[in-house]
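Work through the exercises below with the sequence and the 3D structure at hand. Each task is followed by a solution in steps.

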Amino acid sequence: MAILMLLVNKAMAGTFMPPQATEISKQVDNLYGFLLVVSFISCVILIGGMIYFVVKYKRKTANDKTAYITHDTRLEVLWSVIPLIIFLLVFGWGWVLYHDMRTMPKDALEINITGKQWAWTAEYKNGVKATEVVVPVNKDVKLVLGSEDVIHSFYIPSFRIKQDAVPGRYSALWFNSQKLGEFHVFCTEYCGTSHSGMITKLKVVSQEDFNKWLIEESEVGTLPLAQRGAKYFQTRACASCHNVDSAAVKIGPSLYQRWGKEGSNADGSKYTFDENHVRESILLPQAQLTAGYPQPSPMPSFQGQLSESELTALIEYIKGLN
Amino acid sequence: MGHHSSGKNYINEEPGLLSWFTSLDHKRIAILYFVSVMTFFLVGGIMALLLRLELFAPNTTANVGQVLKNGDVYNQVLTYHGAIMVFMVIIPGIPAILGNFFLPLQIGAKDVAFPRLNLASWYVLMLGATLAILTFFNSKIDTGWTFYTPYSIRTGSSVVMMVVAAFIMGMSSILTGLNFIVTVHKLRAPGMSMFRMPLFTWAIYSTAILQVLATPVLGITLLLLVMERTFGVGIFDPKLGGDPVLFQHFFWFYSHPAVYIMILPAMGVVSELITTYSKKTIFGYTAIAYSSIGIAAVSFFVWGHHMFVSGQSEVAGIIFSFLTMLVGVPTAIKMFNWLATLYKGSIQFSAPMLFALGFLFLFAIGGVTGIMLAVTAIDVHFHDTYFVVAHFHYVMVGGTLMAIMGGFFHWFPKMFGKMYNETTAIASWVFIFIGFNVTFFPQFILGAKGMPRRYFDYVLEYEQLNKISTMGSWLITIGFLIGLYTIIRGLTSGAKAPDNPWGAKTLEWQTSSPPIMHNFDHDPVVTAGPYEYK
Amino acid sequence: MSTSRLVNGVEVASHYRDEKHQYASNKEGIWLFMVTEILMFGGLFVGYILFHSLYPEMFAEGASFLDWKLGFINTLVLIFSSLTMALGIYFNQVGQPKKATWALAITILCGAIFMVIKYFEYTHKFHMGIFPGKFLDPAMMAEYGHTVQNSNLGLYFGFYFCMSGLHGLHVLIGMGLITWVMIKNIKGDFNPKYYTPIEGVGIFWHIVDLIWIFLFPLLYLVG
């Protein structure tokens, strides 16, 4: 049985499950492997038994005599108690693991994660903001989850953990990745138009690389204006709705080669795509609605969330897209 | 009992199409439900096909692999698929069609306790359904069938109208349940004690209790949601000091029992089919009857297993996981009892029996994966992934829809007085059964690999399995089309059905096919249990 | 199937054995329906209790805007109407339909008094700017000398208007039903052997009163 489980586990991690990057993910897979084996055996008994009986007791003549068996207490107790024992066993096993998942380690690296339609923002203690989560390997990491609008859910398949990010309260999850690399982060609580686009990467890097990354990110302030703008364009998740390298429309209008051009609003009025138009569109997205796009605009307002210098940097970057 | 010399029956007694809409006869009302629910099923099914087509390929660049215009359209189709299938197909499905028709017949009653209320329930359902369909032309809703807050408060679609529609359809469900409870309590024929009732009736009875006790809570939940949306009172909206997770508690307090409203009747149908086509008394009658009630009772205390990662406390998660395990036991009991019924039987491979065996097969898989999902630590990984989608389709479609089809063919001769074509019915089963597994089994693997549900688009590594799944949906479609063809052919040119073509023992087979208006020529007197194949 | 026949002077639908059988079934149906009513209000009560425990001061502030005397009068009115409703059934049982008509008329009148008082309570609140949820108008309330202490006071009035409104709707429906049975009674449709509709409506009316008896302390006296 143990060998079978080990085999199941190995097979799963490769083909039927995402890679196992944490200790917890291995343990979850062990339990899942056990359940798969037990389930397989139960299905063999049930479905195999069914097939055996229907073949063996196939109707021969219209007047077949059948056995008159109303019940058998011993059997009935047996097939009530055995499943119950198995259920309680996996329940207890699950409980132990669940407890580990929910008990936050002390001295963990804390990162705040905020969900917003339709992007994640990670905020580090030193003020660095990023749309991808970068963490050091072999270190306890605690993510404190919040949401600005609706419920989202932060899910890292390779770690076998997820937790809802509920507006108006904080929730948390933790992990300790033993593997370097990039892992998918999905939003698993339905959150509207681009729910399926609310995907980001979790990068596990060495401690040195992590330290280096943190410093580099915090030095963004010294970069040239347009490069800073490019950064913000990523971290504020503008890129999830606006194309910058082709005229193709994502959710919002493409910004590629738009600068200085004329445009028309849904109400027929005209505008020039200049500093003030971009500024107003960022701060008050509903003020001017470009014709041919949904009304009201699905774009969130960034009023009060961007400093003047951040705004200028963004505008400088958009200017440079021509 | 037996042949009615005048040739009059419930179908031809009152002439004219219009008479169907005013008839108080439970059999005619069942037919009204049948036509309307099947229409809804067609609509919901087309939506499902569209969803699968969209997911056939990832949307690599702007328009490749895209069948639906954008994420919004996908979300709308998804919402209507879920809402239609849950509120308008599976919940009313077996109770309102087969239950209406056969519950009174099986207990030897002339009708349900409140025939007027019965007809009114149908009109109430139609009113709700009309409203629900009207939202489609107003502004399409995109909340998912669960209406989770605060998304449902924010989204600019006609949520209020849809929620009112669900409220009204809930009322229809309550009234039907109420009618059946009183019918079972008061209208059983002489000698028909509770423990002589057929297991289908037992299942409908347990379901009716759930309908009456759970649905009012859905009503008030939806009402509070309407309040929140129109007045912004701050019950569910965190911006106003409300608690969005409270909505989930309220919602699942109803919707989990509702899951059993969907599956218990199917289990009842399967009990009938297995004993009839094995020509053998059911094994463990009392255990099956009690397990229906047991499932109904425990189902009120397991709602939190939908919320293991919602932020509810660890203790709550553990308790709900434990109670969910307890529901597994009566379900396992039923499975083993059906299996034991086959033992030393005389098994006939007719279409209804194949559907029942298909039910056992699919429900076994749906059941064991259900246990996996009940384990807290595993559910954290599987929650809201395609694993869950696969699981509940195995139970709801593989379970309930297989039972509807099986039950329908089983009782077809009784309902319409004509035989269906066995060959095409079996062909329909083959396509549905294989297609179903091709569609939904890959979804277990997709979920285990981490693909979240309600995704308009997905990362490349999920492509192969999605392709297989979509192709499976075409097989299911073919299966249902053959089924539809079988029904239409049966209705138009089926051979005349004898009163009891399957040699079944329950009371409905003692009257003529189709039954006369008052069900029985002479009031039946019951002297034995329902499955005395001696 | 809707054919019926006379059994012991009572019209009995053909799927019932006799009038007693029909009566018992109808009564069970009505009680089951009442269970769903109680469960529906029960959901509201659960919500109320949850939020009351979260924001006790805000609920106390909300309740301070209600006049417990009016609520108390309404409670007495409804309790009295329950009595007259019961009398309406009793007089039918003993074969005094004229008196029953009077009892029913008084019950309707009590319902009307209840609704009139409710009407004045509601309009007074609207006048002061008290509306549910986001429509609550603190500026207007300030003009009447009330400074709102808790910013989510609208939630209390959300519950207040939702619970008392849903209850009021039930009172109106009840009044309609009582009028219906009263007219039937005047027409002489009832006798000591057959008075099921009156009894059914009576059960409904008692439950509506009972719900008010829970609503009154919860809404008016929580401060």
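Two residues are in contact if their C-beta atoms, placed from the backbone, lie within 7 Å. This is a predicted model, in which local features need pLDDT of at least 70 and side-chain atom pairs count only at pLDDT 80 or more, while totals for chains, interfaces and linings use all residues. Residues are numbered from 1 along each chain as its sequence is written, and chains are lettered from A and ligands numbered from 1 in the order in which they are written.

**Exercise 1. Find which chains share the most contacts, and describe the chain B side.**

Step 1. There are 2 pairs of chains in contact, and chains A and B share the most contacts. Chain A and chain C do not touch, with their nearest C-alpha atoms 14 Å apart.

Step 2. The contact between A and B draws on 72 residues from chain A and 76 residues from chain B. On the chain B side, the largest share comes from helix 9 of chain B, with 15 residues. Helices (H or I, at least four residues) and strands (E, at least two) are DSSP runs, numbered from the N terminus.

Step 3. Sorted by class, the side of chain B that touches chain A holds 44 nonpolar, 20 polar and 12 charged residues. Here Ala, Val, Leu, Ile, Met, Phe, Trp, Tyr, Cys and Pro count as nonpolar, Asp, Glu, Lys and Arg as charged, and the others, Gly among them, as polar.

**Exercise 2. Trace the open sheet of 5 strands in chain A.**

Step 1. The strand order is 3-2-1-5-8, and the pairing is mixed. Two strands pair if DSSP finds at least two bridges between them.

Step 2. Strand 1 (residues 109-116) of chain A runs parallel to strand 5 (residues 141-147) of chain A, and 7 bridges join them. Among the bridge partners in strand 5, Lys142(A) belongs to Glu110(A), and Val144(A) belongs to Asn112(A).

Step 3. Strand 1 of chain A also pairs with strand 2 (residues 119-123) of chain A, antiparallel and through 5 bridges. Ile113(A) has Ala122(A) as its bridge partner in strand 2. A hairpin through 2 residues joins strand 1 of chain A to strand 2 of chain A.

Step 4. Strand 3 (129-130) and strand 8 (171-175) of chain A are the edges; each has a single partner strand, so one side of each has no neighbour in the sheet.

**Exercise 3. Check the length and cover of helix 4 of chain A.**

Step 1. Helix 4 (residues 207-218) of chain A has 12 residues and reaches 17 Å from its first C-alpha to its last, close to the 16 Å expected at 1.5 Å a residue. The expected span is 1.5 Å times one less than the number of residues.

Step 2. The count of buried residues in helix 4 of chain A is 0, and the helix is hardly covered. A residue is buried if 20 or more other C-beta atoms, placed from the backbone, lie within 10 Å of its own.

**Exercise 4. Describe chain C.**

Step 1. Chain C has 7 helices and 2 strands, and its pattern along the sequence is β-β-α-α-α-α-α-α-α.

Step 2. Its C-alpha atoms fill a box of roughly 65 × 30 × 25 Å, taken along the principal axes. Of the 223 residues of chain C, 37% count as buried.

Key: Buried ≥ 20, exposed ≤ 12 C-beta atoms within 10 Å, placed from the backbone.
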